[in-house]
Amino acid sequence: MADGGSGKGVGARLPRKEDDRFLRGKGRFVADIRIPGMREVAFLRGPIAHARIGAITVPEAHRAAVFTASDLTDVAPIRAYSGLKGFRRSDQPVLATGKVRHVGEAVAMIVAATRAEAEDIAGLIDIAWEPLPALVDMAEARATTTRVHEEWPDNIVLETFVDDDLSDIAATAPIVIRRSLRTARQCMSPIEGRGVVAEWDGRLDQLVMWSSAQMPHITRSGLSECLGLDHGQIRVISPDVGGGFGYKGILLPEEVALGWLARRIGAPVRWIEDRFEQLSANANCREHAYELTAYADGEGTLLALDCEAMVDAGAYSSYPFSACLEAAQIASILPGPYRFGRYRCRTFSVATNKPPILPYRGVARTGVCYAIETVMDAIAEATGIDIETVRQRNLVRSEEMPYTNVTNKVFDSGDYPEALRRAAAALDIPTLRAQQASETGPVRTGVGLSIFCEQGAHGTAVYHGWGIPMVPGHEQAQARLTPDGVLELRIGAHSHGQGMETSLAQVAHTILGINPAAVRLVHGDTALTPYSTGTWGSRSAVMSGGAVAAACETLAKRIAAIGAHLLQAEAGSVRVEDGSVVAPGGASVTLREVAHTWYRAPQLLPRDVDPAGLDVTAGYKPLSDGGTFSYAAHACAVTVDTETGFVTLGRYVIAEDGGVCLNPMIVDGQVLGGTAQGIGTALYEEMPYDGEAQPLAASLADYLLPGAGEIPRIAIEHMETPSPLTRFGQKGIGESGAIGPPAAIANAVNDALRPLGARVDALPITPRRILEALARAGR
Amino acid sequence: MKAAAFDLVRPRTVADALAALADGARPLAGGQSLGPMLNFRLATPERLADIRTLAALRAHAETDDTITWGAAVTHAEVEDGRVPDPTGGTLRAIAGHIAYRAVRNRGTVGGSLAHADPAADWISALTALGGSVRIAGPEGEREEALTGWMSGAFATQLAEGELLLSVTIPRPRPGARLAYRKLCRKEGEFAMAIAAVLDDPARAIRRVVVGATDGAPIIAEGADAGPRAHAAIDAWPGEAWKARLLHVSLDRALGDIAA
């Protein structure tokens, strides 16, 4: 559409520019960085989930190589407080202080010539542990007298309550549904783990840190707070980053520790997280429990929903999203894309002796979609209405847009029923139902649907409401025409799989007509880019896309003024197109000539030229802070081998609407990658803990991730309802794919099990859970 | 994590290798199990003897009745048909589903038998075929039948200082069938249940091996080997859902034989 026919602008399926270096192995990641004299760091991590730290004995020969909390006296703990009423504050020490609160918490930092030697030294350190009872289950943690944080009266980080008196409905509703659901604790698993290289630059009096981070400006703010350095004394660089997913938005204690260490020892240092650390100590996410009661009428209309939800928040409040975001989001987004008017929801964020829970792609949406879509299938079962119709009767309709739902979310635009209709039609449910009717053997077919909307690019008002350390404001971008006519774009967000080096070049092309190949995107360096909260929350296409457009529009005006002068045309009469300034008669000068004039031949400039030149900083916000609402319907078929409990995914269809796609091919990639992760949540990924809160999946042999062989062919149907709030009508869609699969797959598996009287109410749906459900049903 | 420091020696002959083992070295073949254990520091040997290129361990041989693979033959070499397959393709197929190709490129048959992970493939498949291993040690060479090889998880008849040289597999006679079923949650993972059944009427052999039992495999022989293996699973102390998987894999393997 806005592409203008060149095939390179907004809306074009332009191949990703950045893939050239990635596919040739020319990317540069933190672990590729080598600095002369660089030393390596290993962390000695607590082997016990909950214990007081007694004497720490370091062999005399290694004293200088080992640092503990008693050395980091000038370092403040990580503080991620929420302003929500009742939020209990806790500090996350950079190195464990007094006691450890989860397995894997860093107790000592060891620096040596190599990582192996640092680990050798770690093995020589003796710590006198005084074990304390470990809190492994969030329900038990609510009942016990043991405290994760001694100064708290209990282990509740935050309780939220959306109240409504549902007794009138409870007394009269013909259908009452009750479900208890659990989702597993997972570990985010980007291909590249975290990693830090830190160096103190004496000339600039500045800490320079390369970090595998998706929000480098926020990392800098966090480092500033912990290290007592002003922002100017810290430069954070995120080079190529091999996947973020939320994990790399977190300020890690390891980052703070290395920042301190580089200055202390006067040598560059690095720590590269290994898979053991990522799995056992760091990347935890997703663990929810729901007690749901739903009331419906005989026609399948959901009348009211009553929920008590718990989130296992782990031991600490991570920076900047805090320990409350997950549960507080459950309360606000559980109603999903549905229009019911009565709602009560109480949530508890519970501290346990497990690593802090971190926001993973989709954050709470993956869990709540599973919860509400389970309710929809239960209503369908109770009423005998088919699974598509029962949802159609409850979805917000297109003519109601913009729609304010029961939790005051304002859905900006879209046609939710149409997305569901398309996904269901493409799945061909009647044929699958006929197949099911003919099945008598051990292999059973199941059909599952899910539909959700995804708030993206939500801004100031929303995050001010959470009261966490990070509140996004105007997103800024810089557009600079270089002396030879190349366009440099600088954004404070970071691209680590989102293809922004391409899609933002397409935005610039749409405004300036400049060839995307002549556009360079500078990102991931706090010294070179404007402040930004970064890439998270499905926001960069909207926020950085809007900011780049705004900067390019201002730049276009300045280019036009110079170009008109060179063309001896009226300033208002020229157009900027195809990389040139064109006068009404057809005469033109190229952007390169305009740039040359500004930088190299200023004697040719008009007397009244804008002295700000060809370097523009512009800010952008959508028309509302409430965010865009992309949405998608997932429809899938599964077969369940009821002898083994093995699930095979069959046809999988997604109908999605991300508004105007800057680059639909990149959007497809985002949806497919997210869906693969959602399949992991549905069927494979689980970090089990034993009764002492020891993590039991310490390698990828035990923590199962879906591989290429486990991902079916996924068909995507695009809809394109422009957002009325954003520059091009684009909506945030980066997290979308990860949200829908657990609900759709769980519903499909339970559909297959229904004739056998069995049901699984927990994720992931493993052979064990299916076989145990069948055994409970006497099968 | 990184491995603790160790010395690496590269013996040229079996005799040199045995001398290295006598000197406290631990044999390193493909390193696909030992490597992670070194990195996790679950194993901290002072010395490793790289036996992967020993000519005697890389060889293979055939007679009218048997084929022999050197212990350092890789899974990939079996998969690719670079060594003879006495089953006419079943062992190649089994090899092709061991872990991932990157693992198969380096992992060895002998290493798998010596490591004796209960959920590994060769332990069950080659035991069903009546295989035996040849072992060299300070006292000379000896032969061990695989049916008595494992005494528990990661525990075998291989003693300290001994080296597994080769595995010899009797050729099934015409008309014989080998069925092999394993249940994995995803491609490349260790099995949750394994059943291997050899039915060789000409030799009057019917042998059932049930693997992935968290210990030594269940082995039953004779005409009623199937029912006796099922009974052994019933007596197995593991969880009910896992026992169910063992039963199912056995039923399916027996079904393949009957088909």
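Start with A:Glu119, which forms a salt bridge with A:Arg115, with 2.9 Å between the closest N and O atoms. Keep in mind that this is a predicted model. The two residues, A:Glu119 and A:Arg115, sit 4 residues apart in helix 2 of chain A, so about one helical turn separates them. Side chains of opposite charge can pair when their charged atoms come close. A search over all chains turns up 75 salt bridges in the whole structure.

Now for the interface. Here, 29 residues of chain A are in contact with 19 residues of chain B. About 2,000 Å² is buried between the two chains, and carbon and sulfur atoms give 56% of that area. On the polar side, 12 residue pairs are in polar contact across the interface of chain A and chain B, both partners being at pLDDT 80 or more. The rule also finds 5 salt bridges across this interface. One of the salt bridges in the model joins the side chains of B:Arg41 and A:Asp120, at 2.7 Å from N to O.

Which helices of chain A each supply at least two residues of the side that touches chain B? They are helix 2 (115-122), helix 17 (664-684) and helix 19 (767-776). Helix 19 of chain A gives the largest share, 5 residues. Sorted by class, that side of chain A has 14 nonpolar, 5 polar and 10 charged residues.

Next, the helix packing. Two packed helices are described by the angle between their axes and the distance between the axes. Here are two pairs:

| Helix pair | Angle | Axis distance |
|---|---|---|
| Helix 19 of chain A and helix 10 (residues 240-258) of chain B | about 100° | 9 Å |
| Helix 9 (residues 225-234) of chain B and helix 10 of chain B | about 170° | 9 Å |

With an angle of about 100°, helix 19 of chain A is roughly perpendicular to helix 10 of chain B. Helix 19 of chain A brings A:Arg768, A:Leu771, A:Glu772 and A:Leu774 to the contact, while helix 10 of chain B brings B:Trp241, B:Arg244 and B:Leu245. By class, this contact has 4 nonpolar, no polar and 3 charged residues.

Within chain B, the angle between helix 9 and helix 10 is about 170°, which makes helix 9 of chain B roughly antiparallel to helix 10 of chain B. Among the residues that meet are B:Ala229 and B:Ile233 in helix 9 of chain B, and B:Leu246 and B:Leu250 in helix 10 of chain B. This contact divides into 6 nonpolar, 3 polar and 2 charged residues.

Key. Residues are numbered from 1 along each chain as its sequence is written. Chains are lettered from A and ligands numbered from 1 in the order in which they are written. This is a predicted model: local features need pLDDT of at least 70, side-chain atom pairs count only at pLDDT 80 or more; totals for chains, interfaces and linings use all residues. Side-chain values use heavy atoms; hydrogens and water are left out. Contact means heavy atoms within 4.5 Å. Buried area is the accessible area (1.4 Å probe) that two parts lose on being put together, summed over both. A salt bridge is a side-chain nitrogen of Lys or Arg within 4 Å of a carboxyl oxygen of Asp or Glu. A polar contact is a pair of N or O atoms within 3.5 Å; within protein, one must be able to donate a hydrogen and the other to accept it, and residues adjacent in sequence count only if both atoms are side-chain atoms. Ala, Val, Leu, Ile, Met, Phe, Trp, Tyr, Cys and Pro count as nonpolar, Asp, Glu, Lys and Arg as charged, and the others, Gly among them, as polar. Axes are lines fitted to C-alpha atoms, for helices over the stretch in contact, and angles run from 0 to 180 degrees between N-to-C directions. Angles under 35 degrees count as roughly parallel, over 145 as roughly antiparallel, 65 to 115 as roughly perpendicular and the rest as oblique.
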